[in-house]
Amino acid sequence: MGRLRIWLLAGLAAGLGGCASAPPSAAALAANDPWEQTNRETLKLNGKIDRYFVIPTVGLYFLVVPEAGRRGVHNFLGNLSLPTIFVNDMLQGELSRAGKSMWRLVINSTLGLGGFFDPASKAGIPGHGEDFGQTLAVWGVGEGPYLVLPFLGPSNPRDAAGLAIDVAMDPTNQIHFKQHIWWDAGRIYFTLLDLRAQNYQTIQGIQRSSVDYYSSLRNLYRQMRAEQIRNGRPIRQDLPDF
Amino acid sequence: MPFSTPLKRRTLLSMLAAPLVLPAPAAAAAPNVAESFVDENIHKGLEILRDKRLSTVQRRDQFEGLLLTLVDVRRIALFTLGQYRRSAPQDDVEAFVNAFKNYAAAAYQSYFAKYTDQTLKVIGSTQRSPTDFIVQTNLVDPGSSQPPAEVDFRVRTDTGKPVLVDVAYQGIWLSLEQRDQFVAFLGQNNGDVRKLIAHLSDLAVNLSKPAPQQ
């Protein structure tokens with residue numbers, strides 16, 4: 001089981017719980033961000049980890065692994081997530097999407113040589129994401145205040161709890177084999193590496209164009225999650241008037 | 001979607017001729033006007049960005065010129081000030097609008113420059129009010145097997161002439177994100193709009209420089 005990941009999440013939660021902070025400002029409360037001061041400190045910590053550890057590693061990854069190899073890693077990690085996506089599709093009553101997830105798993109695990117290739121997309125079954133945070137949202141659970149998690153970045157209590165449940169329900173975490181901790185550690189490492197490599201230019205663009213990087217990330221995260229929960233349809237009707 | 005309209009492209013000629021020929025109810029034809037407006041002009045913008053014959057300065061000037069004719073920058077600028085629009089001195093607000101123009105031109109150029117190899121296809125529009133439309137487009141990357149990215153443009157026709165007031169990439173609206181940033185910045189700086197103006201001016205200069213390579 002992915003004890004390493006569960007312990008990591010528990011550690012993050014404990015660390016956050018231990019953070020003392022001043023009473024939230026009116027602006028922070030208006031932005032549904034009562035932990036803003038702590039969140040900003042956590043973002044700074046994440047920035048340092050990113051700058052001194054993740055970015056150099058990503059640079060090395062780009063240098064050593066050719067684009068086709070990086071795509072293979074991305075596909076493989078995506079394929080590992082498909083059982084969790086399938087369960088969340090089902091829990092949300094999205095039967096059509098669940099069927100697609102199942103077909104992707106079957107096709108990519110076989111014809112795609114264990115998931116390193118993505119013939120399912122070429123066959124007209126593109127991938128999509130789902131997680132338990134989205135399932136909770138579909139069930140009517142509110143997001144709660146904004147939260148920045150160490151190492152993991154923007155979140156909220158609902159999505160953080162959803163992440164822990166996704167880890168616990170992931171069938172690949174139920175397989176016990178000798179020294180499986182290396183499997184867990186490797187999967188976490190390559191997931192972070194892949195995520196950062198995929199978003200390298202986007203994050204750089206946000207950092208370059210932001211007046212306030214923290215609030216930019218907060219807004220982008222909230223809008224992105226709202227879009228994911230809607231599954232991209234239909235266009236939101238609650239846009240403000242100009 | 002109750003407000004969806006099917007995609008019906010009209011030629012530029014009919015779009016221009018319509019207000020001259022038809023006496024009043026422009027709202028009925030408006031969704032297609034919004035679609036045509038986006039279809040014609042976004043391609044013009046992408047053409048400028050992908051034109052390798054232009055120098056950096058020429059490209060920037062041409063793009064900025066086009067942008068300022070298409071986008072209601074003043075309306076967006078005032079929106080992004082949030083509640084500080086009412087409390088700030090009028091002179092500061094006007095100076096902010098000017099600073100925002102330069103920032104927006106640099107920021108939009110920086111965003112769209114990433115997509116010059118891709119094609120944008122208008123797929124329909126949604127009417128939110130008689131003068132408020134969202135034009136849905138797909139950004140297609142010819143070299144990718146992934147589904148096209150959804151890019152939406154919000155177009156207003158209050159004055160009869162369509163203007164762009166916001167753009168969303170995969171459901172993320174740019175003006176909402178900018179408003180949150182600016183309001184947070186002003187909240188941390190006692191609502192001092194001049195500090196925001198100085199910061200925006202620095203950002204516009206930085207964004208005009210090429211992005212550092214990995």
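I began with the largest nonpolar core, which has 48 residues. I took a nonpolar core as a set of buried Ala, Val, Leu, Ile, Met, Phe, Trp, Tyr and Cys residues joined through C-beta atoms within 7 Å. Buried means 20 or more other C-beta atoms within 10 Å of the residue's own; exposed means 12 or fewer, partly exposed is in between, and C-beta atoms are placed from the backbone. V38(B), F100(B), V135(B), V155(B) and L196(B) touch the most other members. Helix α6 (residues 90–112) of chain B gives the largest share of this core, 9 residues. Helices (H or I, at least four residues) and strands (E, at least two) are DSSP runs, numbered from the N terminus.

I noted that this is a predicted model: local features need pLDDT of at least 70, side-chain atom pairs count only at pLDDT 80 or more, and totals for chains, interfaces and linings use all residues. Residues are numbered from 1 along each chain as its sequence is written, while chains are lettered from A and ligands numbered from 1 in the order in which they are written.

Next I checked L196(B). Leaving out residues up to four places away in sequence, L196(B) touches V211(A), F96(B), F182(B), F185(B) and L186(B). Contact here means C-beta atoms, placed from the backbone, within 7 Å.

Then I looked at α4(B) against α6(B). They pack at about 110°, with axes 9 Å apart. Axes are lines fitted to C-alpha atoms, for helices over the stretch in contact, and angles run from 0 to 180 degrees between N-to-C directions. The two helices are therefore roughly perpendicular. Angles of 65 to 115 degrees count as that, under 35 as roughly parallel, over 145 as roughly antiparallel and the rest as oblique. V73(B), R74(B) and A77(B) of α4(B) meet F96(B), V97(B), F100(B), K101(B) and A104(B) of α6(B).

I turned to helix α4 (residues 73–80) and helix α7 (residues 174–188), both of chain B. Their axes come within 8 Å and cross at roughly 45°. That makes α4(B) oblique to α7(B). I76(B), F79(B) and T80(B) of α4(B) contact S175(B), Q178(B), R179(B) and F182(B) of α7(B).

Last, I looked up the chain contact. It takes 34 residues from chain B and 27 residues from chain A. On the chain B side, α7(B) gives the largest share, 8 residues.

Terms used. Contact = placed C-beta atoms within 7 Å.
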